[in-house]
Amino acid sequence: MDYIIAGFWKALDMIFSGDPELWGIVGLSLRVSGSAIIIAALVIIPLFTFIGLRSFRGERVLSRVLNALMSMPSVVVGLLVSVTLSRRGPLGHLQLMYTPTAMIIAQVILVSPLIACLTYEMVKHRGREIQKLGQTLGASKIQSTFMVISELKSELFIYTVNGFSRAISEVGAVMMVGGNIKGDTRVITTTISMLNSMGDYAMAFALGMILIVISLVINAVLYTYKEKRADV
């Protein structure tokens, strides 16, 4: 029990003393997950808004596929990216394996189905009425797509933030493609996993507390945002 208490107090000291290694890990985690969610949102939201506004035979099949992909294990994503980026893989010549870029790619693939499914389902149920209004005003298909995105931006923002929460708390895929290299690809979750196996709890506790604070901040922002939207 004493080592837990000692580790906890040392963790607090590391946080408030500005330990460079600790905050370097936090900074990389935020950069990797932030980049991944921005890329995913910029690509997936317009694409699946456009698809969601169309009526076609395979709508139910697409919904089921997207729902299935939402629960795709992160280690499977890590495996696919590893095979693709490894030296013998089709993109091995880019030498991206064990770099932050590989971690971003893995997280983009991981969060894209979540954003895609939520966006597609909402646009199917709410976006088509907005589209009809846009068409009566003379909007083209592309213009009506961005009109729908503008009208539903609050919900899309919430979906994006939820995607960020999943990305920053992910461990399996980034461990496989990043390698958890000190000073290069070591992020919060992979470091906690490593330190726990080593029995080094001080930094693990510190990173765990920071991750909890990030989660609380994200939830507070979403809750406040929802309340403001409800009052409008």
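## A glycine in a loop

Gly-92 is located in the loop that runs between helix 4 and helix 5. In this predicted model, Gly-92 is buried, because its relative accessible area is 11%, and a residue counts as buried under 20%. The C-alpha atom of Gly-92 lies 9.5 Å from that of Ser-82, and the two residues are 10 apart along the chain.

Gln-95 has a positive value, with phi near 55°. Gln-95 is placed in the loop between helix 4 and helix 5, the latter covering residues 100–136. Gln-95 is exposed because its relative accessibility is 68%, and the exposed class begins over 50%.

Tyr-98 also has a positive phi, near 60°, and is a residue other than glycine. The loop between helix 4 and helix 5 holds Tyr-98 as well. With a relative accessibility of 42%, Tyr-98 counts as partly exposed.

## The chain as a whole

How many helices and how many strands does the chain have? The secondary structure consists of 10 helices and 0 strands. Read from the N terminus, the order of elements is therefore α-α-α-α-α-α-α-α-α-α. The C-alpha trace spans about 70 × 50 × 25 Å along its principal axes. The chain has 232 residues, and 45% of them count as buried.

## Salt bridges

Side chains of opposite charge can pair when their charged atoms come close. A search of the whole structure finds 4 salt bridges. One of them joins Arg-128 to Glu-59, with the closest N and O atoms 2.7 Å apart. This pair links distant parts of the chain, since Arg-128 belongs to helix 5 and Glu-59 to helix 3 (residues 59–70), 69 residues apart. Are the two partners, Arg-128 and Glu-59, buried or exposed? Both Arg-128 and Glu-59 are buried.

Lys-124 and Glu-121 meet through their side chains, with an N to O distance of 3.9 Å. These two residues are 3 residues apart in helix 5, about one turn of the helix. Glu-121 is partly exposed because its relative accessibility is 21%, while the buried class ends under 20%. Lys-132 pairs with Glu-129, and here the closest N and O atoms are 3.7 Å apart. Lys-132 and Glu-129 likewise both lie in helix 5, with a spacing of 3 residues, or about one turn. Why does Glu-129 count as exposed? Glu-129 counts as exposed because its relative accessibility is 53%.

## A nonpolar patch on the surface

Which residues form a nonpolar patch on the surface? The patch is made of Val-75, Val-76, Leu-79, Leu-80, Val-83 and Met-176, and together these residues have about 480 Å² of accessible area. Helix 4, which covers residues 74–85, gives the most to the patch, with 5 residues.

Met-176 is part of helix 8 (residues 172–178). Its relative accessible area is 30%, so Met-176 is partly exposed.

## An enclosed cavity

Rolling a probe the size of a water molecule over the atoms shows where empty space is left. How many cavities of 30 Å³ or more does a search of the whole structure find? The search finds 1 cavity of that kind. The largest cavity has a volume of about 40 Å³.

The lining of the largest cavity is formed by Ser-29, Ser-33, Gln-107, Ala-167, Ile-168, Glu-170, Val-174, Val-187 and Thr-189. At least two lining residues come from helix 2 (20–52), and at least two come from helix 7 (153–168). By type, the lining residues divide into 4 nonpolar, 4 polar and 1 charged. Glu-170 is the charged one, because Glu is counted among the charged residues.

Methods. Residues are numbered from 1 along each chain as its sequence is written. This is a predicted model: local features need pLDDT of at least 70, side-chain atom pairs count only at pLDDT 80 or more; totals for chains, interfaces and linings use all residues. Side-chain values use heavy atoms; hydrogens and water are left out. Patches are made of residues with over 30% relative accessible area and no salt bridge: like charges are joined within 9 Å, nonpolar side chains (Val, Leu, Ile, Met, Phe, Trp, Tyr) within 5 Å. Accessible areas come from the Shrake-Rupley method with a 1.4 Å probe; for residues, only the protein chains shown count as cover. Helices (H or I, at least four residues) and strands (E, at least two) are DSSP runs, numbered from the N terminus. Buried means under 20% relative accessible area, exposed over 50%, partly exposed in between (1.4 Å probe, protein chains only). On a 1 Å grid over the protein atoms alone, a cavity is a set of points where a 1.4 Å probe fits but cannot get out, and a pocket is an open set with protein on both sides within 12 Å along at least five of seven lines; lining residues have an atom within 4 Å of a point. Grid points are joined across faces, edges and corners, and a volume is the space filled by probe spheres set on the points.
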